[in-house]
Structures are given as C-alpha cells and as structure tokens.
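Please read it alongside the sequence and the structure shown here.

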Amino acid sequence: MIEVSVIVPIYNVEKEIRRCIESLVNQTEENIEIILVNDGSTDNSGNIAKDYAEKYKTKIRYYEKQNGGLSDARNYGVKKAQGKYISFVDSDDYVNIKLYKELKEYMNQEYDLVKFKIIKVDEKCKELEKNDSPIFNNKSGEEAYNILYCNDKMTDVAWAYLYKREFFINNKFEYSKGLYHEDFGLTSLIILKAKKVASTDVEGYYYVQTQNSITRGNEKNAYKRNIDLLKHYDNMIEKINEYNISKKSKENIKIYYTNSILLAINNLEGEEKKKYIKEIRNRKITKNIKIRNAKQLFKRIVLSINIELYLKIR
C-alpha cells in the first residue's frame, strides 16, 4: 500500500531539481510514490525529471502538461495520486529523508491533517531560521486554526502539511488556477474542515530562499498579486458561510485574511496603491479587525480614517 503520494510541480528549476528529487527517492519510508508534474518547463528540468523516473521506475511517475501555473500542476498531481496521504513539495525545496517515516505514527492514527516544521535555508543549504510553530495533537480543525492563525507565521503554506487524500478529495479542495497566493486562498479553509489535526515537532521541510522559484515572485505584477488576495477573500466569505463552525472561528479567519490584505498595501505605490485601498474600502474589510481592548479601539479608529497610518502603528 502506498502511504504517501508526494506531488512535485516542476517549472524551470534545472539547477535545483536534483536536490529535491534526491531528498525524496532516499526517504527512509519506502511506501511512497513521487509524482513529478512538468508544468511546461522550457529549460532542462523535464529531461532531468525523466531521467530520474527512468532510474526509479517503481517509485516515480512523471507527467508533462502545458503550463498552467502552480495551482494547476498541484491539482493535476492530486488527480494522479494513489497514496493514503498526499504531500506537496516545491521543486526548488527539499525535505528531510526521514520526514515521512517520522510522520507514520500520525498516518496510523488517521489524522486528516498533520503539520510539520519548516526550516529556511539559503541556496547552499545553510540554516537561516526555524519556524516556531505550536505543537499539539488531536485537535479539531477549528481548535487547530484558532491556535495556528495567531501563533504561526507560516500557517497557510501548502507544503507544511500532510493531507489525508480521502479528506482532500471528498471535500473537493482545489487550488485556484490563474491566481497568485494560492496557498493563502485555500489552506485556512482546509484546516477548518478537518476533523482531526496535529501540529508536530517533526523538522521536515527545507524552504530554500532563492529568486528562481515557481512560487516566489518578485515585484512584477504587484497590483495583480494584491488584487488576487482580494479575490481569495471574496471566495472565503462565500465558502465560510457553508461551514458549520463557530462565530469566533469565522471572525478569526476574516482577521487572518484582513491582516494579510492590509499588509500587502506596502507592496504598491501611487495610483495602484490608491486603487487597491479603494477596493479594500468597498468590501468594508477593515470592520473585520475586532476591538477587544482600549489599544485596539484606538487602532480601529485610526484604521477607519487612514489605512496607511494604521500600518505604521500596528
């Protein structure tokens, strides 16, 4: 039985892809499949991936598709997956070779969602920072989200979790094709749907800080990136009404989205910034910031008057 399907979207990462695949073919947990999805690469990434697939025929499945972006490649990989659990790994990152073996106990306990720790490294694999996420077991999705959203600065990255495939498929989760910030748009909704969640002390994912990445952009298309945050917010508002969760949990996910949307104002200048702030005001998003003490009341007043000033004092 395949325990884990590891989905690796590939796009123009010829310099990094070997390191990623090596970390997967050398996993101490043998019952995994590696799904390499070449999303229309124009460099040598596809040939490198095909060579690995030929060498590890029983472990790797290689697919080619027209370029559709990270979301499309992930969704494609999910449809091909056969494992009990699924995991996403970006092709310019890599994982600890013991990762899936160390997560086996959680798979055996039928968790819907298992979070593991992220280590930021530079291009020479030198450790830069560890993400200090909370540790807990056997929480509902609501309980887990209400802990993570305010205590873990990397709550919404897709590759920090192991997902039970049946849970993922039955809830028809899909990443939004054509939009930036696909993790931001979906991960919170996934957590809140889960019945059983763990956040572990397993150090497993090495997040490489580099400019050449399928997921890490630059200042190009900054306005579209910001507008896509708002599109994810609109989708969340629609979806969350279908969720059987508490008022507090609905407030918390709105706060989480709102803070990200407000902080993104700093990515823009001039007329684009003005247009983006207008879009925020049209949605009355600032009302999501709750008043729970006098200091927050003051900030809320400032926010209602001048969003840019609020960002300076928050």
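## Helix 8 and helix 9

In this predicted model, helix 8 and helix 9 are roughly parallel to each other, because their axes cross at roughly 20° and angles under 35 degrees count as roughly parallel. The axes of helix 8, which spans residues 182–193, and helix 9, which spans residues 222–240, come within 9 Å, and the crossing in which helix 8 passes helix 9 is right-handed. On the side of helix 8 the contact is made by Glu182, Phe184, Gly185, Leu189 and Leu192, while helix 9 contributes Leu229, His232, Asn235, Met236, Lys239 and Ile240.

## Helix 6 and helix 8

Helix 8 also packs with helix 6 (residues 141–151), at an angle of about 135° and with the axes 6 Å apart. That angle makes helix 6 oblique to helix 8. The residues that meet here are Gly141, Glu142, Ala144, Tyr145 and Leu148 in helix 6 and Ser188, Ile191 and Leu192 in helix 8.

## Ser249 in helix 10

Ser249 belongs to helix 10, which covers residues 247–263. Helix 10 has 17 residues and reaches 24 Å from its first C-alpha to its last, close to the 24 Å expected at 1.5 Å a residue. The buried residues of helix 10 include Ser249, Glu251, Asn252, Ile253, Tyr256 and Leu262.

With a relative accessible area of 0%, Ser249 is buried, since that term applies to values under 20%. Which side chains make polar contacts with the side chain of Ser249? One partner is the side chain of Glu142, at 2.5 Å, and another is the side chain of Asn146, at 3.1 Å. When residues up to four places away in sequence are not counted, Ser249 touches Glu142, Asn146 and Leu192. Of these residues, Glu142 is listed for helix 6 and Leu192 for helix 8 where those two helices meet.

## Positive phi angles in two loops

Glu110 is found in the loop between helix 5 (104–108) and strand 6 (113–121), and its phi is near 65°, a positive value in a residue other than glycine. Its relative accessibility is 35%, so Glu110 counts as partly exposed.

Cys125 lies in the loop between strand 6 and strand 7 (127–130). Although Cys125 is not a glycine, its phi is positive, at about 70°, and with a relative accessible area of 35% Cys125 is partly exposed.

How values were computed: Residues numbered from 1 in each chain as written. Predicted model: local features only at pLDDT ≥ 70, side-chain atom pairs only at ≥ 80, totals over all residues. Heavy atoms only, no water. Helix = DSSP H or I, 4+ residues; strand = E, 2+ residues; numbered from the N terminus. Buried < 20%, exposed > 50% of the residue type's maximum accessible area, 1.4 Å probe, protein only. Polar contact = N/O pair within 3.5 Å; in protein donor to acceptor, adjacent residues only side chain to side chain. Contact = heavy atoms within 4.5 Å. Expected span 1.5 Å × (residues − 1). Axes fitted to C-alpha atoms, helices over the stretch in contact; angles between N-to-C directions. Parallel < 35°, antiparallel > 145°, perpendicular 65-115°, else oblique. Left-handed = near helix turned anticlockwise from the far one by under 90°.
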